[in-house]
Amino acid sequence: MSVLLLNADLHCHSTVSDGVLSPATLAQRAADNGVELWALTDHDEVSGIAGARAAAQSLGMPFVAGVEISVTWAGKTVHIVGLGIDEQNSALVQGLAKTRSGRERRAHDMADDLARTAGIHGTFEGALRYVGNPDLISRSHFARYLVEIGACSSVAEVFRHYLADGKPGFVPHRWATLTEAVDWIRGAGGQAVIAHPGRYEFSPLAFDSLFHEFRTLGGVAIETVTGSHTPDQYDEYTRIANRYGFLVSRGSDFHSPEDAEVDIGRLPALPAASRAVWENWSLA
């Protein structure tokens, strides 16, 4: 079988960050959906990896340890996935703890802004009901609560009307730098990947700067086939990857059965022109 046809899902989230399934339950869903190579990539947190690895091993599903690091670049938030990391690496663990700090204060500020500008009260307490890890309260938890109370019909609609830049409830946060994120991942023995580049609202010039800086720092891949991209973007970002000399990665960005754009393990194969990030991995 071509390495490009491997059903790899290298981007998803558990209750350890902003997903709704435990690492073990997520592993079972991945296996049931035919995933042949799986990574758990919780936001700025690696404490779910041990459980995910054990569950994957019990299911006979190859597993790589991962993380998704929040980065501030050019005043915007960019996500960098690390694959094949040593989750016990001290610099990585300390860096992620630093990145997580400040989320609670930000969440209170988001709730205050929603109350002040949109007249929606009690969102901090409501969002907390969806939080598995209090250190990682996020916009996704607020979004689920806003759907619960009928402010919007779906999580996607929430992000069109609230919580995004320029909308009620948006509060910027200073995350890790791109240099820090790539250094932590590489120092932990992993490979750095730009997550879902099609989601970022950068000009062509800014994208060129991002890709060049990322490659100079030692980044090796970008996500192309992902639940956060539209089908036409699969080929678009494959061409971009080839232009800049990147490998490509594939992942559903799965958070919840209720609001997933694509279920875990249900993505199409990588385009034929791709070079997969896992092409030289030992998957035994």
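Helices (H or I, at least four residues) and strands (E, at least two) are DSSP runs, numbered from the N terminus. The model is predicted, so local features need pLDDT of at least 70 and side-chain atom pairs count only at pLDDT 80 or more, whereas totals for chains, interfaces and linings use all residues. Residues are numbered from 1 along each chain as its sequence is written, and side-chain values use heavy atoms, with hydrogens and water left out.

Strand E3 is mostly covered, with eleven of its eleven residues buried (under 20% relative accessible area with a 1.4 Å probe, protein chains only; exposed is over 50%, and partly exposed lies in between). In a regular strand the side chains alternate between the two faces of the sheet. In E3, Phe 63, Ala 65, Val 67, Ile 69, Val 71 and Trp 73 point one way, while Val 64, Gly 66, Glu 68, Ser 70 and Thr 72 point the other way.

E3 pairs with two strands (pairing requires at least two DSSP bridges). With E2 (residues 37–40) the sense is parallel, over three bridges, and Leu 40 stands opposite Ala 65. With E4 the sense is antiparallel, over eight bridges, and Ser 70 has His 79 as its bridge partner. Two residues separate the strands of this E3–E4 hairpin, where Ala 74 takes a positive phi near 55°.

The largest nonpolar core has 72 residues, and Leu 10, Trp 38, Ile 69, Ile 80, Ile 85, Leu 178 and Trp 278 have the most contacts inside it. Such a core is a set of buried Ala, Val, Leu, Ile, Met, Phe, Trp, Tyr and Cys residues joined through side-chain atoms within 4.5 Å. E3 supplies its largest share, seven residues. A second, separate core of 18 residues includes Met 110, Ile 120, Val 131 and Phe 142.

In helix H8 (residues 178–187), Leu 178, Ala 181, Val 182, Trp 184 and Ile 185 are buried. Seen down the axis, these residues fall within an arc of 160° and so line one face of H8, the arc being that of the directions from the helix axis to the C-beta atoms. Their cover includes E3 (63–73), E4 (76–83), H3 (90–100), E5 (191–194) and H9 (204–217), where contact means heavy atoms within 4.5 Å. Just after H8, Gly 189 takes a positive phi of about 80°.
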